[in-house]
Amino acid sequence: MSRIFDPENGFFTLINKIIDTFWLGVLWCVFGIAIPYAASFTGNNTIFLIACVIAAVLIGPSSTALYYAMVKVIRRSRSYATREFFHSFRDNFGIAAITSVVYSLFAFLMSVDIRYANALANEGNSFGNVMFAIFVAGCVFAGVSLVWIFPLLSRFTVKFGGLLRNALLIATKHLVRSFILVLIYAVIGVLAWAFRYYLMVLALFVPVLPGTVCLLRSFIIEPVLKKYTEASEGTPEETGRDEWYRE
């Protein structure tokens with residue numbers, strides 16, 4: 001009977017993991033999308049623009065922290081969700097913020113360029129079709145690197161140039177996994193667009209998605225990251241390194 005109420009048994013462990021997954025999703029939303037979402041209700045374009053800029057800075061560190069905490073706490077049953085989220089958020093803030101700002105600016109420029117190229121194509125200008133194809137190809141390359149870049153940053157210490165290069169190399173070397181990861185986001189995007197008129201109701205369920213999707217992604221990403229992680233020579237006591245990601 002005492003085993004039923006033992007906090008170490010499978011049932012309570014599962015409940016704790018579900019709660020932690022939800023909580024990590026809440027933390028990601030707070031630092032990722034909550035600021036512009038709240039600003040949109042003000043009806044003030046300036047406030048909304050400022051909120052989007054803030055979100056562009058914070059979404060990289062929060063995405064890095066989400067993946068780090070999800071793998072370490074949920075997958076490896078180490079430490080505590082809030083502690084590990086903010087540990088990674090703080091340690092990777094600089095590079096992660098730069099990365100997310102660069103990708104946000106790229107996405108904005110591509111959206112403008114694609115609309116311009118599409119307008120030229122509609123006017124019968126063949127150069128518009130060429131431009132459209134080039135810009136779409138650029139978006140594809142950015143997309144496949146983006147699905148790897150924050151998980152890579154959560155695991156390795158690297159500068160922005162090296163981070164981008166490694167993300168592109170891994171994305172092209174593991175095309176099937178990259179395609180699956182992009183497809184996951186594409187499906188979410190299509191569903192969000194299809195049900196956009198019900199966003200007020202769906203917003204109640206948004207915190208469930210980031211952690212769940214991140215957990216799903218980790219099963220695709222982790223085998224690759226392990227392949228590129230060198231093992232330390234010696235025991236954790238000798239090296240001072242806790243290689244939890246190898247468990």
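Predicted model: local features only at pLDDT ≥ 70, side-chain atom pairs only at ≥ 80, totals over all residues.

Biologist: Which residue caps the N-terminal end of helix 3?
Modeller: Helix 3 spans residues 45–75. The backbone nitrogen of threonine 46 lies 2.9 Å from a side-chain oxygen, and the residue that supplies this oxygen as the cap is asparagine 44.

Biologist: Where in helix 3 does the kink lie?
Modeller: The bend amounts to about 35°. It comes shortly before proline 61, at leucine 58.

Biologist: Which side chain is joined to that of serine 218 by a polar contact of 2.9 Å?
Modeller: Serine 218 lies in helix 10 (residues 208–227) and, at 0% relative accessibility, counts as buried because the limit is under 20%. A polar atom of its side chain is 2.6 Å from the backbone oxygen of leucine 215. Beyond four places in sequence, serine 218 is in contact with Tyr67, Val71, Arg75 and Pro223. The side chain at 2.9 Å is that of arginine 75.

Biologist: How far apart in space are methionine 131 and aspartate 113, C-alpha to C-alpha?
Modeller: Methionine 131 is part of helix 6 (residues 126–155), and its relative accessible area of 12% makes it buried. Leaving out residues up to four places away in sequence, methionine 131 touches Tyr116, Ala117 and Leu120. Aspartate 113 is 18 residues from methionine 131 in sequence, and the C-alpha distance is 8.3 Å.

Biologist: What is the accessible area of the nonpolar surface patch that includes Val187?
Modeller: Valine 187 lies in helix 8 (residues 175–194) and is partly exposed, at 44% relative accessibility. An α-helix has 3.6 residues a turn, so residues three or four places apart point the same way. Among the patch members are Val176, Phe179, Ile180, Leu183, Val187 and Leu191. Together with Phe195, Tyr197 and Tyr198, these residues have an accessible area of about 980 Å².

Notes: Residues numbered from 1 in each chain as written. Heavy atoms only, no water. Helix = DSSP H or I, 4+ residues; strand = E, 2+ residues; numbered from the N terminus. Buried < 20%, exposed > 50% of the residue type's maximum accessible area, 1.4 Å probe, protein only. Contact = heavy atoms within 4.5 Å. Polar contact = N/O pair within 3.5 Å; in protein donor to acceptor, adjacent residues only side chain to side chain. Bend = angle between axes of the 7 residues up to and from the residue. Patch = residues over 30% accessible without salt bridge, like charges linked within 9 Å, V, L, I, M, F, W, Y side chains within 5 Å. Areas by Shrake-Rupley, 256 points an atom, 1.4 Å probe, with all protein chains shown as cover. Salt bridge = Lys/Arg side-chain N within 4 Å of Asp/Glu carboxyl O.
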